[in-house]
Amino acid sequence: MRVSGYPMSNRPSNNIVEEYLSPVNDIYTGDFQDFKSLNDSEKQEVIAREAEDYGLERPQGYNVSFHYNPHVEYHHFGSSHPMKPWRLTLTKQLVLSYGLEYTMDLYEPRPANFNELAIFHDREYLSYLSEITPQNAKPDDAQYIAYGFGGDSNDCPVFDGLWNYVSLYTGASMSAAYNLLNKQSDIAINWSGGLHHAKKNLASGFCYVNDIVIAIQLLLTQHQRVLYIDIDVHHGDGVEQAFESTDRVFTLSFHKYGIDRHGWPFFPGTGNIDEIGPKDPANRGKAHSLNIPIDDGIDDHQYKSLFKTVTSKVVEKYNPQAIVLQSGADSLGGDRLGRFNLNIKAHGSCIETVKSFGRPLILIGGGGYTPRNVARTWCHETAVCVGATLHDDLPTHIPYLQAFQGEENGGGRLYPDLHNTKRHDNLNTDPALQKLVERAMENLRYMEGAPSVVVNTKGITEEQIMKIREQVEQELADEEEDRNYSLAVEKTRRTRERNIGGRNERR
């Protein structure tokens with residue numbers, strides 16, 4: 001579904017709506033109950049006025065698109081599970097209530113189908129995923145355990161509508177990728193995606209299908225090099241693993257690393273500074289991963305400086321033609337599972353930095369387990385994408401406004417201090433972070449510059465591309481060997497011609 005901007009001028013007078021507007025500043029002051037009593041055109045008028053009064057308009061010189069199927073928010077992992085798709089409902093309502101819909105193209109993507117998910121995932125795994133339900137699941141079944149379900153933590157529970165859920169969020173990421181490929185968008189947003197832990201045949205860390213990998217594979221059909229950036233509090237292990245043997249994707253992850261408060265390695269336990277890809281020097285993926293492990297409690301200033309310094313250097317050296325940014329919101333202060341002290345605008349500064357590079361960009365969701373703050377952050381970052389400035393007092397007509405009210409919930413503001421409930425001790429010293437940056441720069445030295453390959457417009461798989469490249473390079477090596485041999489023979493012949501009558505000839 002594509003929605004054009006609502007006309008901001010020459011609108012007919014509407015007395016019914018006007019009586020709900022403040023006579024002083026024309027800002028709607030009714031609550032959601034009043035707003036619900038309006039008809040559809042009156043509601044649209046209120047939101048259009050919100051956008052107009054605060055100067056929200058489409059950005060000049062580039063297009064932003066918003067990809068979202070509302071059915072994704074109807075799924076439920078379980079009452080005690082930290083993953084709450086309801087955070088997507090709150091995000092959508094904030095985006096709409098601020099009038100950001102008038103600054104973007106809106107799309108309601110179709111679900112991805114089985115064959116599209118099989119671009120990356122094992123077909124047997126997908127078949128199992130498509131058929132399993134809470135009613136037929138067998139926790140003692142070997143496949144159930146092998147595919148990542150169950151276990152003590154039950155991170156990936158089986159719930160009603162599981163197949164529909166993964167198809168919906170992946171379909172939205174594919175839709176975003178196609179918009180970039182078709183040059184309909186310069187920035188494409190899908191907050192429902194970003195499930196970065198899923199492996200080829202394994203559910204992991206609340207993730208069942210890796211929509212990011214599939215979106216990147218689509219981008220590789222036209223782009224030589226894609227940079228993947230992950231600012232989730234957890235290491236983007238699934239994406240890194242998927243592309244570990246190619247130089248056409250560079251993965252950069254900023255995340256918590258170390259021992260958690262229970263004495264266990266912080267999930268997933270990977271992503272140390274020395275993990276830069278395969279060790280085999282012949283593997284093209286060597287030095288095409290960069291991990292930035294961070295300790296508890298990093299603050300706004302430290303994180304912004306670290307992110308900008310490292311990411312700018314990666315972009316300079318790798319020169320990507322497109323970027324995918326996973327904006328996991330569990331790196332915020334006060335997150336249920338996170339351990340950082342970031343506020344919303346510091347998190348959003350990462351999007352500002354990446355946007356400034358001027359490359360085609362997919363902005364995608366991820367973790368985030370305090371729903372009200374996830375919604376605030378992704379609403380703010382949507383505004384960053386379109387170049388809009390949002391007012392701090394939340395619009396009164398937002399549904400579920402009570403989720404944001406009360407000092408413990410942010411006092412009805414868009415940008416509350418996220419340390420109002422808890423703050424983690426900052427274990428990151430400035431000298432340690434400087435040393436971390438130095439190690440990162442040293443790791444980048446091992447990358448042999450940006451690869452240049454024939455752009456794939458035929459839908460060829462990455463594995464096929466790598467085989468073709470190996471064949472071509474072997475042929476070039478053989479030709480070089482033949483050429484060197486011919487030169488050696490020619491040199492010997494000429495030497496002998498110059499030495500006619502010499503000692504060797506007489507013999």
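**Exercise 1. A salt bridge and its surroundings**

Which side chains, arginine 110 and which other, meet in a salt bridge at 2.6 Å, N to O?

Solution. This is a predicted model, in which local features need pLDDT of at least 70, side-chain atom pairs count only at pLDDT 80 or more, and totals for chains, interfaces and linings use all residues. Residues are numbered from 1 along each chain as its sequence is written, and side-chain values use heavy atoms, with hydrogens and water left out.

Step 1. Apply the criterion: a salt bridge is a side-chain nitrogen of Lys or Arg within 4 Å of a carboxyl oxygen of Asp or Glu. Side chains of opposite charge can pair when their charged atoms come close.

Step 2. The partner of arginine 110 is glutamate 116, with 2.6 Å from N to O.

Step 3. Classify both residues by relative accessible area (buried under 20%, exposed over 50%, partly exposed in between; 1.4 Å probe, protein chains only). Arginine 110 has 48% relative accessibility and so counts as partly exposed. Glutamate 116 has 13% and therefore counts as buried.

**Exercise 2. Two further pairs**

Describe the salt bridges of glutamate 45 and glutamate 442.

Solution.

Step 1. Glutamate 45 meets arginine 49 in a salt bridge of 3.6 Å, N to O. Helices (H or I, at least four residues) and strands (E, at least two) are DSSP runs, numbered from the N terminus. Because glutamate 45 and arginine 49 lie 4 residues apart in helix 3 (residues 40-53), about one helical turn separates them.

Step 2. Glutamate 45 is buried, at a relative accessible area of 8%, and arginine 49 is also buried, at 15%.

Step 3. Glutamate 442 pairs with arginine 445, and the closest N and O atoms are 2.9 Å apart. Here glutamate 442 is partly exposed at 32%, whereas arginine 445 is exposed at 60%.

Step 4. For the structure as a whole, the count is 11 salt bridges. A network of salt bridges links Lys256, Asp295, Asp296 and Arg339.

**Exercise 3. Helix 8 against helix 9**

Determine how helix 8 (residues 162-181) packs on helix 9 (residues 211-219).

Solution.

Step 1. Axes are lines fitted to C-alpha atoms, for helices over the stretch in contact, and angles run from 0 to 180 degrees between N-to-C directions. The two axes are 9 Å apart, at an angle of about 20°.

Step 2. Angles under 35 degrees count as roughly parallel, over 145 as roughly antiparallel, 65 to 115 as roughly perpendicular and the rest as oblique. Helix 8 and helix 9 are therefore roughly parallel.

Step 3. Contact means heavy atoms within 4.5 Å. Residues of helix 8 including Tyr169, Met174 and Leu181 meet residues of helix 9, among them Ile214 and Leu218.

Step 4. By class, this contact of helix 8 with helix 9 has 10 nonpolar, 2 polar and 1 charged residues. In this scheme Ala, Val, Leu, Ile, Met, Phe, Trp, Tyr, Cys and Pro are nonpolar, Asp, Glu, Lys and Arg are charged, and the others, Gly among them, are polar.

**Exercise 4. Helix 11 against helix 12**

Repeat the analysis for helix 11 (residues 300-318) and helix 12 (residues 344-355).

Solution.

Step 1. The axes come within 9 Å and cross at roughly 20°. That makes helix 11 roughly parallel to helix 12.

Step 2. Asp300, Tyr303, Lys304, Phe307 and Lys308 in helix 11 touch Ala346, Ser349, Cys350, Thr353 and Val354 in helix 12. The contact of helix 11 with helix 12 comprises 5 nonpolar, 2 polar and 3 charged residues.
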